[in-house]
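My notes follow the display.

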Amino acid sequence: MKNHSLKDKVALVSGSSMGIGKAIAIELAQRGAKVVMNGREKDRLENSREELSSMGYDVKAFIADVRLPDQCAYLVDETIRGYGQLDILVNNAGISSRGSLEEMVTSNFIMLMETNFNGSAYLSKYALDHLKKTRGHVVFINSAGGFRGMPYNSAYTASKLAQAALVDALRIEWYDYGIHVGIAHVGFTVNDPEKKILDIDGSWIYLPQRTNVNLASPQSVAKSVCDMIGKRKKRITLTRLGVLANLIVRYFPILTEWIVWTNREKIKEEFTLIGGEKAYENTSPSIFPKED
């Protein structure tokens with residue numbers, strides 16, 4: 001039986017043409033929301049929109065690169081033009097990388113910060129006036145990597161820590177507007193076969209499926225995120241490993257440092273330098289409506 005607790009709410013989900021973002025879009029639609037999907041690759045985004053439409057859901061889709069402020073404004077404007085309101089913003093769009101600071105090209109740091117931090121800040125800024133009217137929700141899909149900086153993953157964890165700091169700030173800034181600000185720290189999750197990350201040389205590689213840890217499903221993540229929205233919870237941490245990491249980092253920081261230090265080689269080999277087939281070379285930031 002479908003849960004219609006979000007019936008007739010309008011939700012904008014960035015980075016929702018695949019993976020967790022797509023699962024969140026589907027879960028929101030199942031609960032009665034009208035959904036605006038977003039991605040940078042036209043064919044994949046259109047295929048995902050058609051999939052949801054075939055299920056009978058009210059959904060629209062727009063190409064936009066959240067790294068660029070004008071495209072974030074465009075995405076919010078199209079949402080209002082199509083549905084007349086905005087109740088829920090899910091800042092899901094994000095990218096990852098691997099490698100040490102020593103080896104990684106500097107463009108990777110720019111790409112990750114512009115996408116994972118700047119993109120969520122831009123969309124939140126342009127959505128604010130509309131969320132004030134609905135006393136709505138803005139939710140950030142973060143990571144267990146947002147608890148502390150990790151070796152051989154410094155660019156990614158730094159961008160997620162910055163996003164977490166943004167959430168802390170907005171929760172206070174927007175309190176008097178009645179807007180719910182939430183953050184979901186997502187642990188290791190089954191990734192889409194087409195998911196790509198940045199290699200140390202700035203090229204894109206396909207992310208292999210992890211086999212050394214228990215993985216959550218995108219659907220279970222989506223359900224938890226939508227439950228958080230319905231209950232207006234401030235934060236959730238997903239997967240047992242994520243919960244454990246959060247507890248240790250928060251209450252035993254010295255122990256955390258020791259664990260990371262003693263396992264630095266394992267982290268390097270098993271969690272970051274994990275191989276991956278080459279997808280295509282890196283390019284400069286897209287100019288709308290150019291595709292990846």
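This is a predicted model: local features need pLDDT of at least 70, side-chain atom pairs count only at pLDDT 80 or more; totals for chains, interfaces and linings use all residues.

I looked up the strand order. Seven strands form an open sheet, and the order reads β3-β2-β1-β4-β5-β6-β9. The pairing is parallel. Next I asked which strands are at the edges. They are β3 (59–63) and β9 (235–237), each of which pairs on one side only. I also checked the twist: from one strand to the next it averages 15°.

I then turned to β2 (residues 34–39) and its link to β3. Five bridges join the two, and they run parallel. I picked out Val 36: its bridge partner in β3 is Lys 60.

**Helices on the sheet.** I found helix α3 (residues 69–83) packed on the sheet, where it touches β1 (10–13), β2 and β3. The direction of α3 makes about 155° with that of β3. I looked at helix α6 (residues 218–231) as well. It lies across β4 (88–91), β5 (137–143), β6 (180–186) and β9. Relative to β6, helix α6 runs at about 160°.

**A helix pair.** My last entry is on α7 (residues 240–251) and α8 (residues 253–262). Their axes come within 5 Å and cross at roughly 120°. I therefore logged α7 as oblique to α8. Which residues make the contact? From α7 I listed Ile 248, Val 249, Arg 250 and Tyr 251. From α8 I listed Pro 253, Leu 255, Thr 256 and Ile 259. I sorted the residues of this contact: six are nonpolar, one is polar and one is charged.

Conventions. Residues are numbered from 1 along each chain as its sequence is written. Side-chain values use heavy atoms; hydrogens and water are left out. Axes are lines fitted to C-alpha atoms, for helices over the stretch in contact, and angles run from 0 to 180 degrees between N-to-C directions. Helices (H or I, at least four residues) and strands (E, at least two) are DSSP runs, numbered from the N terminus. Angles under 35 degrees count as roughly parallel, over 145 as roughly antiparallel, 65 to 115 as roughly perpendicular and the rest as oblique. Contact means heavy atoms within 4.5 Å. Ala, Val, Leu, Ile, Met, Phe, Trp, Tyr, Cys and Pro count as nonpolar, Asp, Glu, Lys and Arg as charged, and the others, Gly among them, as polar. Two strands pair if DSSP finds at least two bridges between them.
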